[in-house]
Amino acid sequence: MDGTRRYWIGMGLAGALALGAVLTARPVLLLGAAMIGASLLARQYVFIRTVVRMGEHLAVEEAVDRETIVTEETTTVTLRAHDPLGSSLELTLASRPPIATRVDGERTIRLTDASREAHTAFEVTWPVAGSFRFDPPQLTVRDRHGLFRRRLPIEPRATPAITVKARQPQEIHIGAGGDQITAAYGEHEAAEMQSGIEPDVLREYTAEDAANRIDWKTTARLGEPFVREYEADTDRDTVLLIDTRACMQQGPPGETKLDYTRHVALALADSAHELKDPLGLYVVDESGLVDGVRPTSQNRQYISIRERILDLEPDDADADDVTDTASAHRTPAATHRSAMYLTDSSAFTTRLRPYLEDTTTHVQRIDRDPLFNTVRSHIRQLRGALWTVIITDDTHRGELREAVTLARRGNERVLVFLAPTVLFEEGGLSDVGTAYERYLEFERFRRQLARLDRVSAFEIGPGDRLSTILSSGARRQKSRQRTPSSPSPPNA
């Protein structure tokens with residue numbers, strides 16, 4: 001208990017009167033000192049008794065609206081107090097959030113003679129990951145005469161505890177056409193797919209496939225012929241090619257394209273480590289190759305690559321300057337075919353033909369494409385059974401197609417993980433119908449890659465956003481009559 005300034009003035013006055021009585025031999029002054037001292041002691045006794053009784057009955061409750069959040073999120077904290085018996089004391093109750101927080105709003109409440117119940121609500125922002133618990137609220141008690149004050153912690157009915165997780169991808173979806181893949185994508189596979197014991201991937205039937213490889217159950221369920229490839233138990237070198245260009249920073253903080261694709265890269269690295277497969281890593285940004293590690297099976301190699309993947313950051317180039325090349329970057333064969341159709345002698349044809357026939361321009365452009373250039377100059381130079389895993393998004397589609405085509409030459413296998421841009425754009429779900437059409441366009445591109453021999457292609461992104469897009473698309477398909485020109489759902 002602490003005496004206030006008023007209390008010590010009273011005690012000083014009593015002492016002065018007692019001293020004056022001794023010096024002047026006037027007993028009346030001594031009587032006055034005794035009365036002041038007795039009054040102060042009596043009020044001190046009443047204050048202590050009241051505090052003890054109040055502490056036994058005061059009900060304090062402190063709660064948060066959420067107990068698990070991610071960094072930089074805000075929770076609302078509510079502090080309530082009720083004094084059922086009432087007293088002459090003035091009570092001030094202050095919440096005490098952890099130090100590593102930012103508080104916005106009033107976090108103290110006061111109970112007086114006029115109001116024996118009070119509450120407040122304030123917001124707390126959590127910038128640091130970890131587990132936190134509020135300290136008990138600090139109670140400050142004052143008597144109504146302003147003579148005494150006491151501070152003491154008081155245990156509420158429950159002390160809020162908060163678990164703050166680092167912001168990272170939530171509800172990670174990895175699959176094809178909206179369907180989650182059921183097999184682990186890092187399982188041991190062969191450089192050459194052939195009949196074996198363990199099924200590997202499911203893909204659409206092509207003219208080159210034998211009829212006995214058709215998976216009839218899947219074909220009956222999906223309405224289109226599919227074949228299931230099997231893995232052979234042979235060694236392989238796994239090479240991760242990760243794109244960190246500016247387009248990979250699209251998405252909320254901690255949930256960007258790179259954050260989602262990082263999850264895949266770590267899983268593949270862990271799988272290679274478990275299977276003792278030689279593992280290599282190549283990282284590109286806008287300037288080209290920024291990190292390259294040839295595959296080995298040394299233990300420190302796996303640890304080093306995992307650390308490098310965790311440290312990946314997107315290129316700091318302005319993402320707004322990134323051009324969506326979804327329909328650009330035609331292959332040389334397609335460009336040549338287009339030139340063959342220009343048979344007239346119009347001014348338009350005369351002007352356009354040189355651009356389509358100039359393959360030198362195409363070669364120069366390819367030389368500036370970091371994915372293609374890394375595959376050509378580094379990955380294609382490796383020897384042995386090779387499994388190339390390209391992790392990127394759908395921004396540079398023409399370049400990606402060329403890189404995949406080159407990587408699978410010979411008898412090599414290629415696995416592609418794509419982050420659809422439509423799932424990461426800010427406000428991308430404001431028009432769900434348009435988002436669904438864009439997803440169908442992405443799915444057509446993914447299927448084009450998956451139809452290539454020895455190539456598997458999967459999508460990766462936030463599952464909740466994808467479910468929203470596909471549900472909306474399904475409703476739109478049901479609400480209108482199908483026509484031959486209507487795009488089919490991605491999982492049809």
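**Loops, helices and burial in a predicted model**

Lys 276 sits in the loop that joins α4 and β18, where helices (H or I, at least four residues) and strands (E, at least two) are DSSP runs numbered from the N terminus. The model is a predicted one, in which local features need pLDDT of at least 70, side-chain atom pairs count only at pLDDT 80 or more, and totals for chains, interfaces and linings use all residues. Residues are numbered from 1 along each chain as its sequence is written, and side-chain values use heavy atoms, with hydrogens and water left out.

Lys 276 has a phi near 60°, a positive value in a residue other than glycine. With a relative accessible area of 53%, Lys 276 is exposed; here buried means under 20% relative accessible area, exposed over 50%, and partly exposed in between (1.4 Å probe, protein chains only). Glu 72 also has a positive phi, of about 70°, although it is not a glycine. This residue is found in the loop between β3 (68-70) and β4 (73-82), and at 42% relative accessibility Glu 72 counts as partly exposed.

For the protein chain as a whole, the secondary structure comes to twelve helices and 22 strands. Of its 492 residues, 45% are buried. Among contacts (heavy atoms within 4.5 Å) with a separation of 6 or more, 73% come from residues 24 or more positions apart.

The buried residues of α5 are Gln 301, Tyr 302, Ile 305 and Ile 309. They cover an arc of only 100° around the axis, which puts them on the same side of α5, the arc being that of the directions from the helix axis to the C-beta atoms. In general, an α-helix has 3.6 residues a turn, so residues three or four places apart point the same way. The partners against which the buried residues of α5 pack are β17 (237-243), α4 (257-275), β18 (279-285) and β19 (288-296).

The axes of α10 (residues 397-407) and α11 (residues 432-450) come within 11 Å and cross at roughly 15°. Axes are lines fitted to C-alpha atoms, for helices over the stretch in contact, and angles run from 0 to 180 degrees between N-to-C directions. The two helices α10 and α11 are therefore roughly parallel to each other, a label for angles under 35 degrees. At this pairing, Arg 397, Leu 400 and Arg 401 in α10 meet Glu 441, Phe 442, Phe 445, Gln 448 and Leu 449 in α11.

Two further buried positions complete the picture. Thr 140 belongs to strand β10 (residues 135-142) and is buried, with a relative accessible area of 10%. Not counting residues up to four places away in sequence, Thr 140 touches Glu 90, Leu 91, Thr 92, Arg 149, Arg 150 and Arg 151. Gly 20 lies in helix α1 (residues 5-24) and is buried, with a relative accessible area of 18%. With residues up to four places away in sequence left out, Gly 20 touches Ala 25 and Leu 29.

Technical notes:
Angles under 35 degrees count as roughly parallel, over 145 as roughly antiparallel, 65 to 115 as roughly perpendicular and the rest as oblique.
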